[in-house]
Amino acid sequence: MADVVTKATRESFGEALCELAKENDRIVVLDADLAGATKTSIFQKAYPDRFFDCGIAEGNMMSIAAGLSTCGKIPVAASFAMFATGRAYEQIRNSIGYPNLNVKIAGSHAGISTGEDGATHQCLEDVALMRTIPGMTVLCPADHYEMLAATKAAIEHVGPVYIRLGRLAIDSFNDPATYKFELGKGITMHEGNEITVIATGLVVNEARKAVETLEKEGHSVRLINIHTIKPIDRDIVIKAANETGRIITIEEHNVIGGLGDAVCDVVTSECPVPVRKVGVYDRFGYSGPAWELLEKFGLTETGIAEVIREELAKK
Amino acid sequence: MQTTEKRQLQILATKARLGAVIGTFNAKSGHPGGSLSAADIMTYLYFKEMNVDPANPSDADRDRFVLSKGHCCPSLYAVLALKGFFEWEELYKLRHVGAMLQGHPDMKGTPGIDMSTGSLGQGVSAACGMALAGKFDKKDYRVYAILGDGECEEGQVWEAAMFAAHNKLDNLVVIVDQNGLQIDGPVCEVCGIEPLDKKFESFGFNVVKIDGHNFDEIEAAFENAKSVKGKPTAILAKTVKGKGVSFMEDKVDWHGKGPNKAEFEMASEELNAEIARLEGEC
């Protein structure tokens, strides 16, 4: 196992873009006055002539990205998830989604782990919004190594992609020597037959620790990491439902429209089993240090372990 | 401009108007008013100004056109058909189920459409992206975008204007089809946009004001745009909504409805007579 890297996925994303740009001169990056925060500043520093700051005008930025892509560029348009997918939703839908243009949209500061900035900046709806656009691929990587691989896959994929980035520095858990990213394929991180936990993004590592705890308590818990929320890996979900009979989904997002709903879409039609959706329950966040908020919202190891125990007791 | 050339352009523009009327009649819907007001400018662009090849509609070096006021596509479709991008007969199926010609431009399905538009304000930004790519790649192509005057109420138009001037996109020409009317009434009554020339000037544009139905003035404006370096150009074209069909002219009512059979026949008769008259002058 490689050394643990503690890094925010936004930073891994910025580094990945730089690396990919060496080999691919079609990549250009746009930001809306948040380059320092989204970490596209890393790219800006390395490739100043391929970086365009659009100023605080996210809708304009998305349509400009659309125009650039019609001329063969691979534009990466970054902002906070709230403004990229919320403010500019309609530009993404009509100027990028409808013509199925090859634009990559990066939404940083997603989830309540954005922390002190509070509710206006803690985007809990981005996955839901982007999932509704036909042809949009939705990625939510969980650690440094997964973000490097996901960014590469996003650039290589022809078509619109939304990629969710976090602000908070988190520990890596994947081993780069063995880690394999395949777009649209979930990863079974831990086998188990009593119940399945399906997580995405920052909370995957918390779920991993919770599953280890439950294992020590004598339970057999399956853990699946879904980095591609759309298109979702139907096979891995169906298999988990059939083999374990009960599912818990965990995400740092509103339980409406996110990973939980994507899993339920598969389960309800193919293999009905109880699904408990853990996330933010149709409410706004509030200010506070990231880890304190994650704890309050039940999205850390302890909270997740408790939910697994509750669900196991129902079996 | 030579008289013969002008007549030819006028004939094509009148045929484009006829195509827009055919389309909106057969669709029993659509936007004839703004289609007719912008017909002369679109005709000039495709038959005089732009470097485009119907046999190679995705040529990387071609000039680009974005109809930011996407609802006025009936006359754009007619111009594209006249130019040879697709068959004229397609106009009869406009807005029908399974038809190529959608209610608003679809770049994926229609040859010659460079950008899908319909949601106001977005096309002009996409045009900025195309112009930026041209600058970046050191290509000579130019990018043209037609906006409605009502569309200038969209904040995104001004975000795009700031971006275009900041990035010195002198390969971009924005044309505002100033027919003075929008769905809810006269633009000046709904939410006034004037002084539009001063607005564009203060945003860093080279501004030219013309009569949008006068080919000499249209030509001079586009030539002027090519001569100005370091800044984008805005051509503010004063036009008449419904131009060329007398009962539609300057009537807000004709913003967004198709003509009925009697109206269609009247409009066709008038436009065909005009085509015959112009052809007689050639």
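The structure is a predicted model, in which local features need pLDDT of at least 70, side-chain atom pairs count only at pLDDT 80 or more, and totals for chains, interfaces and linings use all residues. Residues are numbered from 1 along each chain as its sequence is written, while chains are lettered from A and ligands numbered from 1 in the order in which they are written. The model has an ipTM of 0.96 and a pTM of 0.97.

Chain A is divided by its domain assignment (automatic or from a database) as follows.

| Domain of chain A | Residues |
|---|---|
| domain 1 | 6-171 |
| domain 2 | 187-313 |

The centres of domain 1 and domain 2 of chain A, taken over C-alpha atoms, are separated by 25 Å. Contact, which requires C-beta atoms placed from the backbone to lie within 7 Å, involves 28 residues of domain 1 of chain A and 29 residues of domain 2 of chain A.

In chain B, helix α1 (residues 3-27) packs against helix α3 (residues 39-49) at an angle of about 120°, and their axes are 9 Å apart. Helices here are DSSP runs (H or I, at least four residues), numbered from the N terminus. Axes are lines fitted to C-alpha atoms over the stretch in contact, and angles run from 0 to 180 degrees between N-to-C directions. Angles under 35 degrees count as roughly parallel, over 145 as roughly antiparallel, 65 to 115 as roughly perpendicular and the rest as oblique; α1(B) and α3(B) are therefore oblique to each other. Among the residues making this contact are Leu9(B) and Ala13(B) of α1(B), together with Met42(B) and Phe47(B) of α3(B).

Note on methods
Contact = placed C-beta atoms within 7 Å. Helix = DSSP H or I, 4+ residues; strand = E, 2+ residues; numbered from the N terminus.
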